[in-house]
Structures are given as C-alpha cells and as structure tokens.
Amino acid sequence: MATKKAPERPNVSKEELLKYYREMLLIRRFEEKAGQLYGMGLIGGFCHLYIGQEAVVVGLEAATKDGDKRLTSYRDHGHMLACGMDPKGVMAELTGREGGYSKGKGGSMHMFSREKHFYGGHGIVGAQVPLGAGLAFSDWYKGNDNVTFTYFGDGAANQGQVYETYNMAELWNLPVIFVIENNQYAMGTSMKRATKSVTLYGRGEAYGIPGEQVDGMDVLAVKAAAEKAVAHCRAGKGPYILEMMTYRYRGHSMSDPAKYRTREEVEKIKTEKDCIEHVRDLLTQGGLASEDELKAIDKEIKAIVNEAAEFSKESPEPALSELYTDIYA
Ligand SMILES: Cc1ncc(C[n+]2csc(CCOP(=O)(O)OP(=O)(O)O)c2C)c(N)n1
Ligand SMILES: [Mg+2]
C-alpha cells in the first residue's frame, strides 16, 4: 500500500481551509447518501456521483462572485451544492418529489436555480458547452463583468461542438471559463483509448485560447488557477481553459460495476491523493485544527445530509395535474 506524502504548509488561513473542508465533505456525504437511497430504490433513472472530484468545484467556486454563472453535465450534484443550492431541494429532486428543484419532474440530471445562477444539469454529453458560451455572450452584451463556468468531461472534450464553441468564444472575446474535469474516463473508455492528444487544455491554442493543466485533487491549486482564469475573463481578455486532473472513485453511474480499471488503481488515488484527506492533513498536521473540531464538523455535515434525506422521503410525489405544467405546447 502506498504511503501519503507529508503536506507542505501553504499560506492559507484556518478559516479558509475549514470552509473547503466543510464544502467538500458536504458533497461527499451527500453523494454517499444518494448512493444509499438509490440502492434502496428511492431514486430512479440515472444517478452519476461526483465522489473523488470535490476539490474541482469547491476550488473554482471559491473564485466566483455573485452574478457569475455555472453549468455542467449530468454529474452535477456537487456543483449545485457548491454554489449554495439547498441540499433538501437537490435530494428531493433525486427522489422525484414535489419539494425538489424541478418539482420532482427533472431528476438527477435536470435541476436549475436562477437564484444561484446554476443553469443545469445536462444529460447530453457536451451540450452545455455552447450553452455556456451563450450565457457568457449575454453578460458580454450587457457589459457587466460576470463570468460563466462551463464544466465538461474528458470524453466531451472530443466532441466537435466544443471546438466550434472555442472558435466563437475567442472570436467574440466571451467571458467564459471552460473547465475540463479530466477524470480519465468517459464511461468505460480511458483517455488513452479515446485520443492521442492527451493534453486537453492545449487544444485551445489552435483558437488562441490560453489554458493550463491543474492538480484537481488539490483545492488550493484549483483556487489559485481559478483566480488567474477569472482575472483574465473579467479584464475582457476572452475565454480561458482549465484542465483539472481528477478522478472519480465510483463507477460512471450507479449501474456501472467499473470493470475497466483495477481496484489497485482506484485505491492508489484514494490513499495518495484524496482531496478531503489533503485538507484534513493540512489542518491537523499544521496544528490549525484538532481532531475534535473536525469531528464536530463531520457531525454537523452528517446532520445536514440526514435532514435532506428525510425531507426527500417525506415530500409528496408531484400531483397528477403537474403533468401539464412547465411544458412547451
Ligand atoms: C451525445 C451523447 N453521446 C453519448 C452519451 C452517453 N454518454 C453519457 S456519459 C458519456 C461519457 C462522457 O464522459 P466524460 O465527458 O469524460 O464525463 P464524465 O462522465 O467522466 O464526468 C457518454 C458517452 C450521451 N449522454 N450523449
Ligand atoms: Mg471523464
């Protein structure tokens, strides 16, 4: 079994580290609970968990301001929680209940919040990429300094619409950050089997878009890169690409036994690179927080998640009359 590297002491306050710890832990515990509810048959359809990738969205959100927009794929629960959406409303949507963000009619992949500027939740691979540029266009047109964060996967990065979007986004100087969450797999297909051009951020060069690759398991590295990209966009310099090197611990979705990779590969990342353990080590080994303090936070998060699960079970199913609302016809 591999051993962990002793963490370096970064110049960051206890408060900031605790904030990241809390936010990443909330996503992890929420996703674990969603996995349980799925197993109990309370969540139907597809359910793609974000476990392992928490540092990406938490680090990026740390660089946002009110008014910034975000949208992502179907692996979206973490993004919702990180931008401040209510865990109760997210969980109730997963279980298809009235108290959910889409009144129980959208499910895991189709939630939105105008209040938090969260524009989905998209089940079609890559579909959110041009939409993200469109949202950025609206801010450019209005002349404000908002930025749109458009998240997509390494698999989506091989789609044609991504490159058409790069071209238009750079041509029009749009304030959009393309965040590639490179978890090294697209369903059961590893990056190496899908492309020979494996540095995904570098593909922006053909369109004049700067970018960089970032350790997506290190929330502080993510935040630092995000701040740089955000400054670029807010200064009116156009789009930026951030390729986040990350890993998903679970299968592609709840129905994937993940036979295309070894248990050792997964275990190695969990022991050596886990994003929550990393921050936990910074806090404890740096003498910033005691085990008791962290235990109290764990308890607090567990309570939030349990409350969300209770709410999602007690909220009623949507009324039949809801069949005819919220539709274009
Ligand atoms: C247009 C389209 N093609 C195929 C699929 C089936 N599909 C769903 S997820 C996925 C893999 C995407 O992988 P990646 O972009 O790396 O994202 P990740 O799941 O790793 O987060 C595929 C092929 C789909 N949903 N939409
Ligand atoms: Mg992937």
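Which strands does α8 lie across? α8 lies across β3, β6 and β7, and runs at about 170 degrees to β7. Angles here run from 0 to 180 degrees between N-to-C directions, with axes fitted to C-alpha atoms, for helices over the stretch in contact. Helices (H or I, at least four residues) and strands (E, at least two) are DSSP runs, numbered from the N terminus.

A word on the source. This is a predicted model: local features need pLDDT of at least 70, side-chain atom pairs count only at pLDDT 80 or more, and totals for chains, interfaces and linings use all residues. Residues are numbered from 1 along each chain as its sequence is written, with chains lettered from A and ligands numbered from 1 in written order.

Now the sheet. Five strands form an open sheet, ordered β1-β2-β3-β7-β6, with parallel pairing. Strands pair if DSSP finds at least two bridges between them. β1 (69-71) and β6 are the edges; each has a single partner strand, so one side of each is left without a neighbour in the sheet. β3 and β7 pair over six bridges. Ile 177 has Tyr 240 in β7 as its bridge partner.

Back to α8. This helix covers residues 219-234. Its buried residues (20 or more other C-beta atoms within 10 Å of their own, C-beta atoms placed from the backbone) include Val 219, Lys 223 and Cys 233. Just after α8, Gly 236 takes a positive phi of about 80 degrees.

Last, the ligand. 15 residues surround ligand 1, each with its backbone-placed C-beta within 6 Å. Val 125 and Gly 153 are among the closest.

Technical notes
The expected span of a helix is 1.5 Å times one less than its number of residues. A residue is buried if 20 or more other C-beta atoms lie within 10 Å of its own, exposed if 12 or fewer, and partly exposed in between; C-beta atoms are placed from the backbone. Two residues are in contact if their C-beta atoms, placed from the backbone, lie within 7 Å.
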